[in-house]
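Okay, thanks for having me, everyone. Let me put it on the screen.

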Amino acid sequence: MYGRIAGIFVGECQKFLREVLSAGKLSGNEKVKDEFLGEFLSIADRFSAMATKKLATFLKKNSKLGDVRDTPEATLERLIRGRAFEASDSLLIDFVVTCKSGGLGSVIRLGDLSNSRVLEVAQSSARETDPDDAPSRPASGSDTRGAAVVRVFDYTNALDALAHDFLDYAGSKLLGPEADFNLLNEFTENSRHSIQGHVTEVQAYLDGFEAVRKKKWDEMQAAENEAIRSVALQGSQSKARSSNGAASLIFGLLLEFPVFLVVSNGISNTYVLGTSVGIGLIGIILIFRGIVKLTGD
């Protein structure tokens with residue numbers, strides 16, 4: 001059963017990636033073209049719709065849960081799209097908003113979009129656009145296309161997470177509390193492995209665009225800066241710990257001095273002995289604390 005769910009995801013995902021790569025090769029990558037952006041949105045939405053439809057049909061027939069089998073297939077499709085594809089649809093919505101706000105509304109072909117949040121946002125933004133403002137703005141067109149192709153990269157990069165969301169949701173609706181999520185995780189990893197080659201090909205194509213290369217460079221720089229900051233913080237904490245450890249050790253040794261004086265001078269006064277013992281115990285605690293901080297244990 002889980003294998004058939006994974007097969008739905010892998011089959012549709014591979015088809016999606018092949019179509020995106022084919023559209024990209026036709027468009028080239030010397031510059032981002034509106035035709036490629038429009039094709040990507042249509043292909044990505046069709047991928048979500050087809051995977052959703054196939055999973056709904058499968059669950060309607062095979063689910064062990066009566067309420068799932070009794071749910072109309074169209075309703076199941078909406079539920080699957082809203083839950084399993086929630087994160088990926090949010091990325092498509094970001095793509096739509098980026099294009100619309102940058103004057104590239106012409107790449108959004110409403111007739112190609114299935115009934116989903118993506119279509120709702122596209123229709124809403126279309127109604128808000130003044131017809132006189134419809135032509136893309138040359139001054140920002142290049143930046144907008146660069147930002148849009150970065151959204152394409154983000155979408156392909158999120159397919160690993162989509163594999164988990166898709167199989168996790170499908171497994172819960174197939175067997176409910178009897179679902180074996182350890183086995184589902186194995187199929188999720190196998191699904192990720194199955195699509196990795198296609199993902200790599202598409203991302204290699206997208207790397208040809210300067211905007212994508214810049215995004216990856218910025219992310220790498222941010223990661224390096226965070227690593228440097230983390231090392232510096234650890235170093236300062238280690239230095240502070242060592243400094244505190246040394247202070248505790250020295251102060252603890254000083255507190256042992258009165259005990260040494262009492263013992264070496266043979267003082268037997270009960271009050272003096274009691275006080276020195278108390279001070280000595282505090283000193284021992286501080287010495288132990290200092291050793292711990294200095295050794296880092």
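Let's start at Ser42, which sits in helix α2, residues 34-62. Keep in mind as we go that this is a predicted model. So is Ser42 buried or exposed? Its relative accessibility is 3%, and the cut-off for buried is under 20%, so Ser42 counts as buried. And what does Ser42 touch, if we skip residues up to four places away in sequence? That would be Arg109 and Asp112.

Staying with α2, let's look at how this helix packs. In general, a pair of packed helices is described by the angle between the axes and the distance between them. For α2 and α5, the axes come within 11 Å and cross at roughly 155°. Anything over 145 degrees counts as roughly antiparallel, so that's what α2 is relative to α5. The crossing of these two helices is left-handed. If you want to find the contact on screen, look on the α2 side for Leu37, Phe40, Leu41, Ala44, Asp45 and Ser48. Across from them, α5 brings in Asp89, Leu92, Phe95 and Val96.

Now for the core. As a general point, nonpolar side chains in soluble globular proteins tend to be buried together. Here, the largest nonpolar core has 66 residues. Which of them have the most contacts inside it? Phe9, Phe16, Phe47, Leu159 and Leu206. Quite a few helices give two or more residues to this core: α1 (2-27), α2, α4 (73-83), α5 (86-101), α6 (117-128), α7 (138-157), α8 (159-175) and α9 (181-206).

Let me pick out Leu206 from that list. Setting aside neighbours within four places in sequence, Leu206 contacts Phe36, Val149, Val152, Phe153, Thr156 and Val212.

Last stop, out on a loop. Asn115 is in the stretch between α5 and α6. With a relative accessible area of 61%, Asn115 is exposed, because the cut-off for that is over 50%. Then there's Glu77: Asn115 and Glu77 are 38 residues apart in sequence, and from C-alpha to C-alpha they are 10.0 Å apart in space.

That's my tour. Happy to go back to any part of it on screen.

Conventions
Residues numbered from 1 in each chain as written. Predicted model: local features only at pLDDT ≥ 70, side-chain atom pairs only at ≥ 80, totals over all residues. Heavy atoms only, no water. Helix = DSSP H or I, 4+ residues; strand = E, 2+ residues; numbered from the N terminus. Buried < 20%, exposed > 50% of the residue type's maximum accessible area, 1.4 Å probe, protein only. Contact = heavy atoms within 4.5 Å. Core = buried A, V, L, I, M, F, W, Y, C linked by side-chain atoms within 4.5 Å. Axes fitted to C-alpha atoms, helices over the stretch in contact; angles between N-to-C directions. Parallel < 35°, antiparallel > 145°, perpendicular 65-115°, else oblique. Left-handed = near helix turned anticlockwise from the far one by under 90°.
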